[in-house]
Amino acid sequence: MATLPQHLAELQAEIETYASEYGLDFFTTIYEVVDYRQMCEIAAYEGFPVRYPHWRFGMEYDRMMKSQTYGLSKIYELVINTDPCYAYLLEGNSLVDQKLVMSHVYGHCDFFKHNRFFSHTDRRMIDGMANHATRVRRHMDRQGVDAVESFIDVCHSLDNLIDPWLPFRKPKPARREPSIEMPIHVGRITSGDHERSYLDEYINPPEFIEEQRKRAEEEREQRRKIPPRPERDLLGFLLLHAPLEPWEADVLGIIREEAYYFLPQRQTKIMNEGWATYWHSKLMTTRALRDDELIDYAEAASGVTAMAPNQLNPYKIGVELYRDIEERWNKGKFGKQWDECDDRQLRDDWDLGLNLGQSKIFEVRRLYNDVTFIDEFFTLEFCRRNRFFTFTENRRSGRHEIESRDFKKIKDTLLQQLTNFGQPFIYVVDANYLNRGELLLAHRHEGVDLRLGYARDTLRNLERIWRRPVSILTTVDDKPKRIRFDGTEIQIADEPEAWRVS
Amino acid sequence: MISRIEKDHRRFREIVRGRIRENLRRYVSRGDMISRKGKETVSIPMPQIDIPRFVHGDNKGQGVGQGEGEPGDPISEGEGEPGAGKAGEGEGDKAVEVEVTLDELAAIMGEELGLPRIEPRGSQNLETVKDRYVGLRTTGPESLRHFKATFKRALRRQIAMGTYDPKRPIIVPVREDRRYRSWKSEPKPQSNAVIIYMMDVSGSMGDEQKEIVRIESFWIDTWLRSQYKGLESRYIIHDATAREVEREVFFSTRESGGTMISSAYRKCAELVEREFDPSNWNIYAFHFSDGDNWSVDDTAACIRLLRDTLIPASNQFGYGQVESPYGSGQFIKDLRAAFGEEELLVTSEIKTKDDIMDSIREFLKGGR
């Protein structure tokens, strides 16, 4: 790999100094200058130089090359969460652009290093990905490209079915214990005195014993169930329980590992981009910018935070939120007194001169993810000031129209979009459904139906792994339904009631 | 580094080809693809190439936005991601539009329909070879010696050897310094195939019939073009009289006269005689009509023309009959009765758009 040209290396040293002075703390960052084809390639591989072979990357590449060629979009920068942190600069960008990108990158690097949702990610994922690629290639050599590739298709179709909280739980034993019949203890009290056996009926009343027995049996039933309680890590579950060939298990494991690796980035999109934008703006405007670069910088920077009316720009909303938090904590606009004050004038003039803003935003970037970030800091005032609204599609004209500017509604919609990064909640409920070895999933319905055509195809794919009929409980048009695929056809049946997490 | 993504990219293209093949019948029977034709490529919408997942369905177009406006105001559709979009964030359900070249499309169609490759006739004498001097080599006749290159070589050698004296700049080339012009023979393909399309535009041919003709001739065109370099096409329309027209006119005109098919055949025969010598040209003639000819006498004239002039001259004469609510459809029966086993005359009935594929196969399966 080529070393960085002299002038960029100097730039890097300069900006790194500014970033450190502001308290950003990052992994060693290595820049590489690539041309736009390479940039598209790396972007198609989600930032990594080597991935396992799959047509999906080719499709992404195709799309990006096209939109780049037609000038629809341009990838300015790319940085990955590894230690050392690799970042790519686009060859032929102007010096101001490169400055901006570098400043932006240090924001990301700092975020990767400190945000707690990244704390469990493998920082040596470049090697990880390369190893995965080697393993997949080896399977392809042995099993044939088509077999492996179509199996990867199947895995991809399930790769959003993972549990975001799994990395934070205590690891479970990898294998479940051999199933031994649990003896049923009914808690009978023995008097130890044969003479008084007539008392037994009073000490241990039959109804009580019966109740005890029932409870114990239920518990045993529960324990015997696989999984004991509904589980969200479907990929992990399949690894343990599905009848997989060794190579299939390996491929599935690879897909799962990578899905978990990319998860935090999807959980912290707004925060991460907002943080990077906050810092490039700060570093550039206070330190790095030269007078004659101002116009170019302004144009590039405004492109980053440009808004489309029907689309939220994570860069924009993120950076605005950080700035709002900074200001509020500088002026002390938080806490009980602030919350209870409803005098407009007082609130406007509120300034306790605390100057806690900087330390607060550093704390926020450490502890929050997008959902909690919005939940806590998206305030009524922020919402008003930034002119948020909800929109909805007008059925007649097919156009989107502003629906309302009601704060609660806006925030609810926002949170709904972000919760579980916009993915439905799917649980594995029973691996021995109907006592026939069928797999039962359930969808926790939060107001939005599943996309049915996709759900059907996903079930087909799942059946290929499970090799027995698979079903999912869900709700369609407010009616509880069960969709089942038995290997030949899809059936949709009514269910007595909607499924809930117990 | 690049080769890896190119492998994946190629794999993606293969999958796309596979998809097109699976759905070829649908694409063929739909006319909208033709209008999508760029210079050499066609882009095909392909919605189903996405990977299915459990995802949320239609949330009634709801969302959160930012900006001015009152409730009820329409908002303009935003254009994609902002400038510095990070890659791979699109989780969307956008239909993928794939571009394929016409050659590729023809190949797919050929494979799918099992069309044989066409053996051209009389092509040798039409492929002219042109010699061009393109480079240098170390051997050759003295008449082709390249003086400048030889001199430069010699100069370079003498400088390297230290025998060059700037004060007495004498250059003496030796055998190894000599350079000679070399040439390459480039075959220059000349167009040696022509398609002559004839269409009945009499009052009984409605828009739907024309659409069928349009689609079918597009595909025939695509296939034959992939087989010959520099294919020419000519267009003749006729009702009671025939005339040669431009391509655009061919597909858009609607006359409203009676129908005398012989007029078109006569025109076609004239055209062949005037411009396309059958011994050198591969001639394909296709005639589309609703089969409602004016009179028995005219039909007899047509048969005579076909037997004496057109069929001997062409690689193949195709007659496609589209069904029209007004026509009797008699002509195809007359042709079949008259020619029976004649191989070079291919007839095909196209009742609806769905029959287009089969009709194309009928026309082209002979490989002539």
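How far apart do the C-alpha centres of domain 1 of chain A and domain 2 of chain A lie? They lie 27 Å apart. This is a predicted model.

**Domains**
- The domain assignment of chain A gives domain 1 as 6-115 + 268-291 and domain 2 as 126-169 + 236-266.
- Domain 3 of chain A spans 305-419, and domain 4 spans 424-494.
- Where domain 1 of chain A meets domain 2 of chain A, 13 residues of domain 1 are in contact with 14 residues of domain 2.
- The domain 1 side of this contact has five nonpolar, four polar and four charged residues.

**Helix 13 and helix 16**
- Helix 13 (residues 314-331) and helix 16 (residues 357-367) of chain A pack at about 135°, with axes 7 Å apart.
- The two helices of chain A are therefore oblique to each other.
- Helix 13 of chain A passes helix 16 of chain A in a right-handed crossing.
- Helix 13 of chain A contributes Y322(A), I325(A), E326(A), E327(A), W329(A) and N330(A) to the contact.
- Helix 16 of chain A contributes G357(A), Q358(A), K360(A), I361(A) and V364(A).
- By class, the residues of this contact are five nonpolar, three polar and three charged.

**Helix 17 and helix 19**
- Helix 17 (residues 370-377) and helix 19 (residues 407-418) of chain A cross at roughly 170°, and their axes come within 9 Å.
- Angles over 145 degrees count as roughly antiparallel, so helix 17 of chain A is roughly antiparallel to helix 19 of chain A.
- D370(A), V371(A), I374(A) and D375(A) of helix 17 meet L414(A), L415(A) and L418(A) of helix 19.
- This contact has five nonpolar, no polar and two charged residues.

Conventions:
Residues numbered from 1 in each chain as written. Chains lettered and ligands numbered in written order. Predicted model: local features only at pLDDT ≥ 70, side-chain atom pairs only at ≥ 80, totals over all residues. Axes fitted to C-alpha atoms, helices over the stretch in contact; angles between N-to-C directions. Helix = DSSP H or I, 4+ residues; strand = E, 2+ residues; numbered from the N terminus. Parallel < 35°, antiparallel > 145°, perpendicular 65-115°, else oblique. Left-handed = near helix turned anticlockwise from the far one by under 90°. Contact = placed C-beta atoms within 7 Å. Nonpolar A, V, L, I, M, F, W, Y, C, P; charged D, E, K, R; others polar. Domains from an automatic or database assignment.
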